[in-house]
Structure formats: C-alpha cells, structure tokens
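Work through the exercises below with the structure open. Each task is followed by a solution in steps.

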Amino acid sequence: MPESVRPMRAGEARRFLEIHHQSVRGLAAKDYPASVIEAWAPLPITDERLQRFLQNHDNEIRLIAGVDGEPVGIGAIAVGASELRACYVLPSAARRGVG
C-alpha cells in the first residue's frame with residue numbers, strides 16, 4: 001500500500017516522467033506495438049519535453065504515490081475536463097495497491 005499520495009513537488013517533474021516511462025515501457029510494452037510505446041513514452045526525456053510538461057496547459061493536478069519514502073507511482077487529474085489523465089506505477093510496485 002502507498003504510504004503517501006501527495007501533490008507533485010517542485011523539482012519532481014523529471015521523476016514523474018521517469019515513472020510514467022518506466023511503467024509504460026515495463027508494463028504496457030507486451031500489449032502494444034513498439035510504435036505506440038514510443039509515441040506514448042518517447043525517450044530520452046529531454047529538457048524540451050520536461051519544459052512542455054511543466055507548462056501544464058490543462059492545469060492538471062499531478063500526484064506522487066510513495067512507498068518507504070520513494071516515489072513509485074503517479075497520477076494526474078484534469079479537473080476542468082473531468083478526466084483522470086494518468087495513473088501509472090513502477091513495474092516493481094505493480095499489484096501492491098499503489099495505483
């Protein structure tokens with residue numbers, strides 16, 4: 001179970017994206033073609049991609065789930081669009097109640 005779920009802190013944007021990428025590439029890769037995985041979680045995580053993410057044009061509420069003090073999951077909610085945009089966990093945290 002996650003010890004904490006909290007808003008993403010300043011300085012955690014790269015970790016947020018890393019968790020997303022590790023989840024997609026580690027958990028979803030067996031179910032999707034490589035071209036879909038690459039479009040969904042392109043590597044590397046460049047400074048340009050990081051800056052686009054930080055602009056947060058949709059005013060997402062971005063969350064970090066932690067276990068033993070380490071970020072292992074992410075979530076994003078776009079309240080204005082009534083959408084859960086993201087719910088991803090590291091492969092090592094899958095099926096442990098984090099999502």
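**Exercise 1. A loop residue**

Task: State where Ser82 is found, and decide whether Ser82 is buried or exposed.

Solution. This is a predicted model.
- Step 1: Ser82 belongs to the loop between β3 and β4.
- Step 2: The relative accessibility of Ser82 is 69%. Exposed means over 50%, so Ser82 counts as exposed.
- Step 3: Look at the backbone as well. Ser82 is not a glycine, yet its phi is positive, at about 55°.

**Exercise 2. Another positive phi**

Task: Find the place of Asp68 in the chain and describe its phi.

Solution.
- Step 1: Asp68 lies in the loop between β2 (61-67) and β3.
- Step 2: Its phi is positive, about 50°, although Asp68 is not a glycine.
- Step 3: With a relative accessible area of 61%, Asp68 is exposed.

**Exercise 3. Aromatic pairs**

Task: How many aromatic pairs does the structure hold? Classify the pair of Phe16 and Phe53, then the pair of Trp40 and Tyr88.

Solution.
- Step 1: The structure has 3 aromatic pairs.
- Step 2: In one of them, Phe16 and Phe53 are 5.0 Å apart from centre to centre, with 35° between the planes. The pair is tilted.
- Step 3: This pair links distant parts of the chain, as Phe16 is in helix α1 (residues 13-28) and Phe53 in helix α3 (residues 47-55), 37 residues apart. Both Phe16 and Phe53 are buried.
- Step 4: For Trp40 and Tyr88, the ring centres are 6.3 Å apart and the planes stand at 65°. Planes over 60 degrees apart count as edge-to-face, so the pair of Trp40 and Tyr88 is edge-to-face.
- Step 5: Trp40 is in helix α2 (residues 34-40) and Tyr88 in strand β4 (residues 83-89), so this pair ties together parts 48 residues apart in sequence.
- Step 6: Trp40 is partly exposed at 31% relative accessibility, whereas Tyr88, at 16%, is buried.
- Step 7: Trp40 and Tyr88 also form one aromatic cluster with Tyr32.

**Exercise 4. A charge over a ring**

Task: Which ring does the charged end of Arg62 sit over?

Solution.
- Step 1: The ring is that of Phe53.
- Step 2: The charged end of Arg62 is 3.7 Å from the centre of this ring.

**Exercise 5. A histidine and its contacts**

Task: Is His21 buried or exposed, and which residues does His21 touch, not counting residues up to four places away in sequence?

Solution.
- Step 1: His21 is located in helix α1.
- Step 2: Its relative accessible area is 8%. Buried means under 20%, so His21 is buried.
- Step 3: Leaving out residues up to four places away in sequence, His21 touches Ala41, Pro42, Leu43 and Ile45.
- Step 4: One of these contacts, Leu43, leads on to a cis peptide bond: the bond from Leu43 to Pro44 has omega near 0°. Pro44 is in the loop between α2 and α3.

**Exercise 6. A nonpolar patch**

Task: Which residues form a nonpolar patch on the surface? Describe the place of Ile77.

Solution.
- Step 1: The patch consists of Ile61, Ile77, Val79 and Leu84. Together they have about 360 Å² of accessible area.
- Step 2: Ile77 is in strand β3 (residues 70-78).
- Step 3: The relative accessible area of Ile77 is 31%, so Ile77 is partly exposed.

Definitions and conventions. Residues numbered from 1 in each chain as written. Predicted model: local features only at pLDDT ≥ 70, side-chain atom pairs only at ≥ 80, totals over all residues. Heavy atoms only, no water. Patch = residues over 30% accessible without salt bridge, like charges linked within 9 Å, V, L, I, M, F, W, Y side chains within 5 Å. Areas by Shrake-Rupley, 256 points an atom, 1.4 Å probe, with all protein chains shown as cover. Salt bridge = Lys/Arg side-chain N within 4 Å of Asp/Glu carboxyl O. Helix = DSSP H or I, 4+ residues; strand = E, 2+ residues; numbered from the N terminus. Buried < 20%, exposed > 50% of the residue type's maximum accessible area, 1.4 Å probe, protein only. Phe/Tyr/Trp six-rings, centres within 6.5 Å; stacked < 30°, edge-to-face > 60°. Lys NZ or Arg CZ within 6 Å of the ring centre and 35° of its normal. Contact = heavy atoms within 4.5 Å.
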